[in-house]
Amino acid sequence: MADTQSSKGQRRREQMLNLLKRQGRISIQELVERFGVSEATARRDLEIMEKSEPVIRTIGGAMYDGMNAVRELPFAEKEGLSFLEKERIAAAAVGLIDEGDVVGLSGGTTNYYLAKLLKTRRGITVVTNAVNVAMELAGSDIQVVVTGGMMRHNSFELCGPLGEGMVGQLNIGKMFLGVDGVSSTGGITTYSEQEAHIAKAMIGRSQATYAMFDHTKIGRTSLFSIAPLSVLQGFITDMPLPQQLSAAAEAHGISVFLAEDGSAVEHME
């Protein structure tokens with residue numbers, strides 16, 4: 001019986017994927033009506049598809065990302081990619097944090113490494129929408145404020161109106177934001193619509209925002225825009241920027257910090 005149900009679910013998801021390829025996007029309600037399933041089943045099907053297919057969850061449905069072959073990776077897979085570079089970026093970022101700061105940390109592996117480094121510090125408040133970041137800081141002397149919301153399983157980030165509403169009541173000093181792509185024309189971008197919304201909310205309540213990214217993110221533009229470069233005060237990265245992005249950073253007055261041997265070295269244009 002279980003095998004039959006599993007086979008039936010797989011066939012249904014194949015049909016859903018074909019429909020997504022044709023239409024480009026689909027809503028939960030449309031899946032319910034077309035396939036005769038409950039909303040819970042439709043959402044579960046999309047979650048399964050998102051892990052292995054070029055499918056991106058949106059608020060109320062999903063989009064087909066066939067134009068971008070690179071899918072969003074689960075946190076466990078991301079953690080193993082460019083981890084040395086990310087550790088250096090995190091070490092550079094922690095040098096910009098002072099006692100008394102209210103620090104915002106989004107999700108992502110680089111901020112997870114940053115949380116590990118912050119555990120030994122005191123007199124700092126961290127505002128985060130990432131469950132794994134909050135858990136890493138549990139038991140330390142860091143005061144942790146968690147935004148709330150619905151958790152995305154790929155990234156452990158809490159998203160949605162509940163979290164955005166809470167962020168609107170906070171004042172953040174320095175925001176450290178992990179991104180999936182950064183370019184001179186596309187600004188900073190991410191794979192997730194929900195994560196883009198909560199990131200915008202946190203940026204809007206911050207005095208200074210630092211985008212953290214390794215060299216593999218440079219020149220990439222993911223599906224959903226977080227913000228233009230003009231809202232940023234700093235880049236923290238592991239390699240010198242290419243000419244076009246470097247010129248854009250200079251034009252917007254963005255300080256560029258290069259992670260060198262675990263310290264943040266401001267790169268002068």
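Phe235 is buried, with a relative accessible area of 0%, where buried means under 20% relative accessible area, exposed over 50% and partly exposed in between, for a 1.4 Å probe and protein chains only. This is a predicted model, in which local features need pLDDT of at least 70 and side-chain atom pairs count only at pLDDT 80 or more, whereas totals for chains, interfaces and linings use all residues. Residues are numbered from 1 along each chain as its sequence is written, and side-chain values use heavy atoms, with hydrogens and water left out.

Leaving aside neighbours within four places in sequence, Phe235 is in contact with residues including Val182, Ala211, Phe213, Leu245 and Phe257, contact being defined as heavy atoms within 4.5 Å.

## The nonpolar cores

In soluble globular proteins, nonpolar side chains tend to be buried together. A nonpolar core is a set of buried Ala, Val, Leu, Ile, Met, Phe, Trp, Tyr and Cys residues joined through side-chain atoms within 4.5 Å. The largest nonpolar core has 34 residues, and of these Ile188, Ile226 and Phe235 touch the most other members. Two or more residues of this core come from each of β9 (172-178), α9 (193-204), β13 (224-227), α10 (243-251) and β15 (255-260); such helices (H or I, at least four residues) and strands (E, at least two) are DSSP runs, numbered from the N terminus. The element that gives the most to this core is α9, with five residues.

A second, separate core holds 27 residues, among them Leu96, Tyr113, Ala115 and Phe257.

## Aromatic pairs

A pair of aromatic rings is described by the distance of the centres and the angle of the planes. Rings of Phe, Tyr and Trp (its six-membered ring) pair if their centres lie within 6.5 Å, and planes under 30 degrees apart count as stacked, over 60 as edge-to-face and the rest as tilted. By this rule there are four aromatic pairs. Because the rings of Phe176 and Tyr210 have centres 5.2 Å apart and planes at 15°, this pair is stacked. Phe176 belongs to strand β9 and Tyr210 to strand β12 (residues 206-212), so the pair ties together parts that are 34 residues apart in sequence. Both Phe176 and Tyr210 are buried, and ring pairs link Phe176, Tyr210 and Phe257 into a cluster.

The rings of Phe213 and Phe235 also have centres 5.2 Å apart, but their planes stand at 80°, so this pair is edge-to-face. The pair links distant parts of the chain, with Phe213 in the loop between β12 and β13 and Phe235 in strand β14 (residues 234-237), 22 residues apart. Phe213 is buried, with a relative accessible area of 1%.

## A three-stranded sheet

Three strands form an open sheet in the order β10-β11-β13, with antiparallel pairing, and two strands count as paired if DSSP finds at least two bridges between them. The edge strands, each pairing on one side only, are β10 (181-183) and β13. Strand β11 (residues 187-190) is joined to β13 by three bridges, and Ile188 stands opposite Ala227 in β13. Helix α9 packs on the sheet and touches β11 and β13, its direction making about 10° with that of β13; axes are lines fitted to C-alpha atoms, for helices over the stretch in contact, and angles run from 0 to 180 degrees between N-to-C directions.
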